[in-house]
Amino acid sequence: MTTIEIDEGSGFCFGVVTAIHKAEEELAKGGTLYCLGDIVHNSREVERLKEMGLTTIDHEEFKRLHDVKVLLRAHGEPPETYATAKENGIEIIDATCPVVLRLQKRIKQAFLQDEGKETQIVIYGKNGHAEVLGLVGQTDGKAIVIEKAEEVSKLDFNKSIRLFSQTTKSLEEFQEIVEYIKRHISPEATFEYYDTICRQVANRMPKLREFASSHDLIFFVSGKKSSNGKMLFEECLKVNPNSHLIDSVEEIDESLLKGVGSVGVCGATSTPKWLMEKISRHLQKLVR
């Protein structure tokens, strides 16, 4: 008999939970509520909230709005978004994650302290990611973004470096970057680094590896846009090559279930629990 288990540690992080609660509270009051960008990188959850009345907009549409309510998601926004809102009489429902908010303030502080100097503000993160755009915005667009440890060599090691990280990046790779800079930085330059990775996310990795290795087959549930999802799925693959990324019941390949004793269902910080439960129920029917 095949057993199906959902990973208890998977699902929304507290920042996403808070943003969705704020959206639901506002929508319950009636009236129009806009969200700047997808509230979470999961199309199924975005669709659920759309049915409740949440309208997703991009930055160009945001600039054209006046006298409305706009929710800012957990990823955070650069200062110009708040300036536009003030100009256009937009009421902001700010759901920026407190961890991201603290990071934005630290980067802004470092940038202002080092203004006029040749210090490099470096952010380890995904180029173009909503959170990273908000972080770079704290430095008037001057921060250097590196996505992978291999990219660290492009820095100027004769100039001082202040290193920060996107909250959902890999702790191990961040430490690799730190060690590389320590080895290569000029004695005349200074190097300061701030481990700003969210521990709720970082602590999931060892538990997820343990979960993935304890099953014959893994279905990792995540939206295709989620960078956290991609990273956590890679961790599953490392310990269990029979891991498969899906974002809906329709993507389940039934042939994978043949001769399998146990199936694990897990997901990203942007994956709703209800979706993992739906997939689990569907799998239960298939293995009967």
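Student: Why are H1 and H2 called roughly parallel to each other?

Tutor: In this predicted model, the axes of helix H1 (residues 14–28) and helix H2 (residues 43–52) come within 10 Å and cross at roughly 15°. Angles under 35 degrees count as roughly parallel, and H1 and H2 are therefore described as roughly parallel to each other. Their crossing is left-handed.

Student: What makes the contact between H1 and H2, and which classes of residue does it have?

Tutor: On the H1 side the contact is made by Ile20, Glu24 and Leu27, and on the H2 side by Glu45, Arg48, Leu49 and Met52. Sorted by class, this contact has 4 nonpolar and 3 charged residues, with no polar residues.

Student: Which residues of H9 and H10 meet?

Tutor: From H9 come Met205, Leu208, Arg209, Ala212 and Ser213, and they meet Met231, Leu232, Glu235, Cys236 and Val239 in H10. By class, the contact of H9 with H10 has 7 nonpolar, 1 polar and 2 charged residues.

Student: What makes S1 and S11 the edge strands of their sheet?

Tutor: The open sheet has 4 strands in the order S1-S12-S10-S11, with parallel pairing. Strand S1 (3–6) and strand S11 (243–246) each pair on one side only, and that is what marks them as the edges. Helix H11 (residues 273–287) lies across S1, S10, S11 and S12, and runs at about 180° to S1.

Student: Why is the aromatic pair of Phe164 and Tyr194 called stacked?

Tutor: Planes under 30 degrees apart count as stacked, and the planes of Phe164 and Tyr194 have 10° between them, with 4.6 Å from centre to centre. Phe164 lies in strand S8 (residues 161–165) and Tyr194 in the loop between strand S9 (191–193) and helix H8 (199–202), so the pair ties together parts that are 30 residues apart in sequence.

Note on methods. Residues numbered from 1 in each chain as written. Predicted model: local features only at pLDDT ≥ 70, side-chain atom pairs only at ≥ 80, totals over all residues. Heavy atoms only, no water. Axes fitted to C-alpha atoms, helices over the stretch in contact; angles between N-to-C directions. Helix = DSSP H or I, 4+ residues; strand = E, 2+ residues; numbered from the N terminus. Parallel < 35°, antiparallel > 145°, perpendicular 65-115°, else oblique. Left-handed = near helix turned anticlockwise from the far one by under 90°. Contact = heavy atoms within 4.5 Å. Nonpolar A, V, L, I, M, F, W, Y, C, P; charged D, E, K, R; others polar. Pairing = 2+ DSSP bridges. Phe/Tyr/Trp six-rings, centres within 6.5 Å; stacked < 30°, edge-to-face > 60°.
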